Amino acid sequence: MKLSVSNKEIWQITYPIIFGNLAQTIIVLVNTIFLGHVGKVELGAAMMAGLYYLVFTTVAQGFAVGVQILVARRLGENNLKSIGRIFEHGFYFILLLGLIIFGVLVFSTQSFFGLIIHSDAIRASAIEFMNFRQWGIIFVSINFLFRSLYIGLSNTKIITYTTLMMAMVNIFFDYSFIFGHFGLPKMGVAGAGLSSVMAEFTATVVFFIYTFKVLPYKDYNLFKFSKFDGSMLRSVLKISLPTMFQRLISFGTWFLFFAMIEHLGEQEMAISGIVRSVYMLCTISVFAYSATANTVTSRLIGAGLQDEVPKTMLRVLKMSWLTLLPILLIFIVFPQQIASVYTDDAALAAQSVPALYTVYIASVIMAAAMVIFEFVSGTGRTFIALVLETVVLCFYVGYIYLATEMLHFPIRWVWCSEWVYAVLILLLSCGFMKFYPWKPTNLATTDSNLDK
């Protein structure tokens, strides 16, 4: 195996991750487009409920990132047989985690929305959406674990296949259940929740089929399901727990951001629903390259090539910008048309344009910030990554509170919170890269020193 990472290899790892990131974005995008043509209330409700659901899925995603780091490290060490044991212990934990999260969603959603959402109409629709959406959490958790395995192995084509299947299933059933086509019941916002679950279940089935039919899983000792080893799970959790908390507080804060916007009014919520969806489209490649940065950092360190990490990160960063800029150019030239895809209300589309320009700028900064930040996690210093993000989020929440609750800024200036986040996370991550002694002194990296 060639251990140095070329631009071609970076792209080969990244482009399927782009499709993988597109999976959840497509679900949000399609729900937003269809429900935007149903009404403002449904659009705002699906956004709030979707973000609430996303907060819980990121806990599973954070655990999966820890598995990804260890898989990539073992690949770099050419220690393939241990990959299966890492994955199977991850599988045990992710199933338990999914069941726990499902219980929390079932028993806490209604009361939590009662506290957070002021609008009775939005709250009722959000609960209706979640009554179906919550059933997908176990499938999402398993999908994140499989994605971490394949990204860690730098074998990411399957992510493209699962994304295409999710997209087709989600679009068909969204159209069918929301509007009541093809003899299916007209369910409105609840139909969006049900179609999303069906799409996620489809992805899980495709992952299992591909793994057994295509991946040489015996080379990695996958699905041996040997005796449970508590020390192995502790090794995974030692890396994963800080990342789980990091994702939880990060996306939990983003949910808080939209909860504060909901206090401004239904119009601001509808605008933010459009802006959020477009912003997610802009940053698909951004977060794909950041996942690649995480993987190649861990792989290079595992191979004893840590001196190559800084220049590899710069290559990843440049490629991230080159991929993002053509997309932004189209969005900048046609902002009104982009916004009009989500709504029949011309005034709502026009009022969304200033905030769209705000997130276009944010996505350029974020492209640099997330690549360097994921380098921090890729070194195995996930606790430090947690600390860095916690510090940044304190300033982020402070700005949001000031903008929404005290000064009542126009919505475009409220979205400048993304500038605050991106600039601060970039500065702190660059400081870590330059000043912190992140290079391991023992090149035969073991689980015990990954997060020192």
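Reader: Is the crossing in which H6 passes H7 left-handed or right-handed?
Author: This is a predicted model, where local features need pLDDT of at least 70, side-chain atom pairs need 80 or more, and totals for chains, interfaces and linings use all residues. Numbering starts from 1 along each chain as its sequence is written, and side-chain values use heavy atoms, without hydrogens and water. Helices are DSSP runs (H or I, at least four residues) numbered from the N terminus. With the near helix turned clockwise from the far one by less than a right angle, the crossing of H6 and H7 is right-handed.

Reader: At what angle do the axes of H6 and H7 cross?
Author: Axes are lines fitted to C-alpha atoms over the stretch in contact, with angles from 0 to 180 degrees between N-to-C directions. The axes of H6 (residues 157-179) and H7 (residues 189-213) come within 8 Å. Because angles over 145 degrees count as such, H6 is roughly antiparallel to H7. The crossing angle is roughly 155 degrees.

Reader: How many nonpolar residues does the contact of H6 with H7 have?
Author: Nonpolar covers Ala, Val, Leu, Ile, Met, Phe, Trp, Tyr, Cys and Pro; Asp, Glu, Lys and Arg are charged, and the others polar. This contact has six polar and two charged residues. Its nonpolar residues number 16.

Reader: How does H2 run relative to H8, parallel or antiparallel?
Author: The axes of H2 (residues 40-76) and H8 (residues 230-264) cross at roughly 160 degrees. That crossing is right-handed. H2 and H8 are therefore roughly antiparallel.

Definitions and conventions:
Helix = DSSP H or I, 4+ residues; strand = E, 2+ residues; numbered from the N terminus. Parallel < 35°, antiparallel > 145°, perpendicular 65-115°, else oblique.
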